[in-house]
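Take a look at the protein below. This report walks through its make-up, one part at a time.

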Amino acid sequence: MVAIVGYTNAGKSTLLNRLTGADIPANNRLFDTLDTTTRTLEISDTCTVLLSDTVGFIRKLPHHLVEAFKATLEELSYADLLLHVIDASNPLWREQAAVVEQLIVELGAEQTPRIDVFNKCDKFTGDILPHGADIVSISAKTGQGLDELLEKIGGRLDTGACRVVLRLPYDQGGVVDMLHRQAKVERVDYGEAIEVEAVCTPVQLGRLKDYIVSGWTPPKEPWED
């Protein structure tokens, strides 16, 4: 799960639309996005994530509104990664970013990994924007920098998953249910055995290695070299 957060009108909905082809209103109005919208985003052949747009934050958000928004922003609690979208064209972007960072702390998501996404870089008129391993400059409107953003998301979330084909005896049918819950199942065929094509994590691959017929070779043990 990837949650998009940011100051109001930073371009969060525009970014979601650009990445996923969604049709979320992207208007220049306070609290235009009042609930979360979640879409699927395919980062690579082996990495698909859920991308959620959230309500825009504002300076001096009243405490009772923070409480009210906690239900709306509960995705932050489950997110594996935050995309903090910052309006690079706004002269007050530093102050706005600080507001968002403080509210992230209040919402209990300060330990969640984060990428700072400087949006509207095509309208940036300053000197040099911050840069680093977890920072990227983009224009959600023109598409500039989105490939780099996707690469950074993939680098954070693609944990070495692999597409494999498994052949399961029917007395192991429960494994299919587990794969539907915990992996990305792409095909299930029922014949002499149950054949499943799925994208699995390294942990799952280790547990299911006896049933894998193609797509993955178990690493050698030290004594096998």
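**Overall picture**

This is a predicted model. The protein has 7 helices and 10 strands. It contains 225 residues, and 43% of them count as buried. The accessible surface comes to about 12200 Å². Carbon and sulfur atoms account for 48% of that surface.

Contacts also tell us about the fold. Take the contacts between residues at least 6 apart in sequence. Of these, 59% join residues at least 24 apart.

**Helix H1 and its surroundings**

Helix H1 covers residues 12–20. Which of its residues are buried? They are Lys12, Ser13, Leu15, Leu16, Asn17 and Leu19. For a helix, there is a simple rule to keep in mind. An α-helix has 3.6 residues a turn, so residues three or four places apart point the same way.

The buried residues of H1 pack against several elements. Four of them are strands: E1 (2–6), E2 (37–44), E3 (47–53) and E4 (81–87). Helix H5 is on the list as well.

Look at H5 next. This helix spans residues 146–157. The axes of H1 and H5 come within 12 Å and cross at roughly 85°. That angle falls in the range from 65 to 115 degrees, so H1 is roughly perpendicular to H5.

Which residues meet there? From H1 come Leu15, Arg18 and Leu19. From H5 come Leu146, Leu149 and Leu150. By class, this contact has 5 nonpolar residues, 1 charged residue and no polar ones.

Val164 sits in strand E7. Val196 lies in strand E9, which covers residues 194–200. Val196 has a relative accessible area of 0%.

For Val196, they include Val165, Leu166, Leu168, Val176, Leu179 and Arg187. Val185 is another contact of Val196. Val196 and Val185 are 11 residues apart in sequence, with 7.3 Å between their C-alpha atoms.

**Two aromatic pairs**

The structure holds 2 aromatic pairs. The table sets out their geometry.

| Pair | Distance between ring centres | Angle between planes | Type |
|---|---|---|---|
| Trp93 and Phe118 | 5.0 Å | 85° | edge-to-face |
| Tyr170 and Tyr190 | 6.4 Å | 35° | tilted |

Why is the pair of Trp93 and Phe118 called edge-to-face? Its planes stand at 85°, and planes over 60 degrees apart count as edge-to-face. Trp93 lies in helix H4 (residues 93–106), while Phe118 lies in strand E5 (residues 114–119). The pair therefore ties together parts that are 25 residues apart in sequence. Both Trp93 and Phe118 are buried.

Now take Tyr170 and Tyr190. Tyr170 lies in the loop between strand E7 (162–168) and helix H6 (174–182). Tyr190 is in strand E8 (residues 184–190). This pair therefore ties together parts that are 20 residues apart in sequence. Tyr170 is partly exposed, at 46% relative accessible area. Tyr190 counts as exposed, at 56% relative accessibility.

**Positive phi angles**

Where does the backbone show positive phi values? One place is Gly21, which follows H1 and has phi near 75°.

Asn9 is a residue other than glycine, and its phi is positive, near 70°. Asn9 is found in the loop between E1 and H1. Asn9 counts as partly exposed, at 28% relative accessibility.

Lys120 is also a residue other than glycine, with a positive phi near 60°. Its place is in the loop between E5 and strand E6 (135–137). Lys120 is partly exposed, with a relative accessible area of 22%.

Conventions
Residues are numbered from 1 along each chain as its sequence is written. This is a predicted model: local features need pLDDT of at least 70, side-chain atom pairs count only at pLDDT 80 or more; totals for chains, interfaces and linings use all residues. Side-chain values use heavy atoms; hydrogens and water are left out. Helices (H or I, at least four residues) and strands (E, at least two) are DSSP runs, numbered from the N terminus. Buried means under 20% relative accessible area, exposed over 50%, partly exposed in between (1.4 Å probe, protein chains only). Contact means heavy atoms within 4.5 Å. Accessible areas come from the Shrake-Rupley method with a 1.4 Å probe; for residues, only the protein chains shown count as cover. Rings of Phe, Tyr and Trp (its six-membered ring) pair if their centres lie within 6.5 Å; planes under 30 degrees apart count as stacked, over 60 as edge-to-face and the rest as tilted. Axes are lines fitted to C-alpha atoms, for helices over the stretch in contact, and angles run from 0 to 180 degrees between N-to-C directions. Angles under 35 degrees count as roughly parallel, over 145 as roughly antiparallel, 65 to 115 as roughly perpendicular and the rest as oblique. Ala, Val, Leu, Ile, Met, Phe, Trp, Tyr, Cys and Pro count as nonpolar, Asp, Glu, Lys and Arg as charged, and the others, Gly among them, as polar.
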